[in-house]
Amino acid sequence: MDPFATDVSALSNPLDIMEELVSANDWIHDRSSDSELAAQVSGHWTDYHICAVWQPDIGAVYFSCHLEIKIPGQRRAAVHELVALLNERMWMGHFDVCSGDSMIMFRHTIPLRGTRGASVEQIEDMVDTAVTECERLYPALHLVIWGGQEVTAAISAAMMDTVGEA
């Protein structure tokens, strides 16, 4: 018998909370099964496509937020450098550049083993963190990809917190 085993079958499905959140915000979404939910969230710069997958056998919820931006081949190395530098500064989650289609996504997994399930606040924080970090990265990506900026200048601009609106 595994002394660290926990019964994860009693955990509530965190996608039920996620579905309530996206419905309350009137976001376009699709709950294709008990274990998967996709939604579209409007940001300041673009729309973000979020996906949440519940893995009840391991008691974890996986979350991703995709940015739709084309990365020209000659700028891939700079984008990888930008993402690596931004990841060093993040507390939760991380960005990945998928090798096949060069899609950029924010990813985070919440393990729930040993708990009664995800709280509303955890799900809200997961979505808020993903969208906030994507909103921070998006202009820096544009500076690097289309503006030809150096990665260090773009990362400085991305990490600068602004106050108010112009």
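The questions below go from the whole chain to single residues.

Me: What should I know about the model and its numbering before I read any value?

Reply: This is a predicted model, in which local features need pLDDT of at least 70 and side-chain atom pairs count only at pLDDT 80 or more, while totals for chains, interfaces and linings use all residues. Residues are numbered from 1 along each chain as its sequence is written, and side-chain values use heavy atoms, with hydrogens and water left out.

Me: How many helices and strands does the chain have, and what pattern do they follow?

Reply: The chain has 4 helices and 6 strands, where helices (H or I, at least four residues) and strands (E, at least two) are DSSP runs numbered from the N terminus. Read along the sequence, they give the pattern α-β-β-β-β-α-β-β-α-α.

Me: Why are E1 and E5 placed at the edges of the sheet?

Reply: The open sheet of 6 strands runs in the order E1-E2-E3-E4-E6-E5, with antiparallel pairing. E1 and strand E5 (94-97) each have a single partner strand, so one side of each is left without a neighbour in the sheet. Neighbouring strands are turned by 20° against each other on average, direction ignored.

Me: What makes E1 and E2, or E3 and E4, count as paired?

Reply: Two strands pair if DSSP finds at least two bridges between them. Strand E1 (residues 28-33) and strand E2 (residues 36-42) have 4 bridges in the antiparallel sense, and strand E3 (residues 47-55) and E4 have 8 bridges, also antiparallel, so both pairs meet the rule. A hairpin through 2 residues joins E1 to E2, with Ser33 opposite Glu36 in E2; in the other pair, Gln55 stands opposite Ala60 in E4.

Me: Why is Ser64 called buried, and what does the side chain of Ser64 contact?

Reply: Ser64, in strand E4 (residues 60-67), has 2% relative accessibility and therefore counts as buried, a label that means under 20% relative accessible area, with exposed over 50% and partly exposed in between (1.4 Å probe, protein chains only). The side chain of Ser64 makes a polar contact with the side chain of His66 at 3.2 Å; the limit for such a pair of N or O atoms is 3.5 Å, and within protein one must be able to donate a hydrogen and the other to accept it, while residues adjacent in sequence count only if both atoms are side-chain atoms. Leaving aside neighbours within four places in sequence, Ser64 is in contact (heavy atoms within 4.5 Å) with residues including His49, Cys51 and Phe106.

Me: Is Met90 buried or exposed, and which residues does Met90 touch?

Reply: Met90, in the loop between helix H2 (76-88) and E5, counts as buried because its relative accessibility is 12%. Not counting residues up to four places away in sequence, Met90 touches Phe95, Phe106 and Glu133. Met90 and Glu133 are 43 residues apart in sequence and 8.5 Å apart in space, C-alpha to C-alpha.

Me: What share of the chain is buried?

Reply: Buried residues make up 41% of the 166 residues in the chain.

Terms used. Axes are lines fitted to C-alpha atoms, for helices over the stretch in contact, and angles run from 0 to 180 degrees between N-to-C directions.
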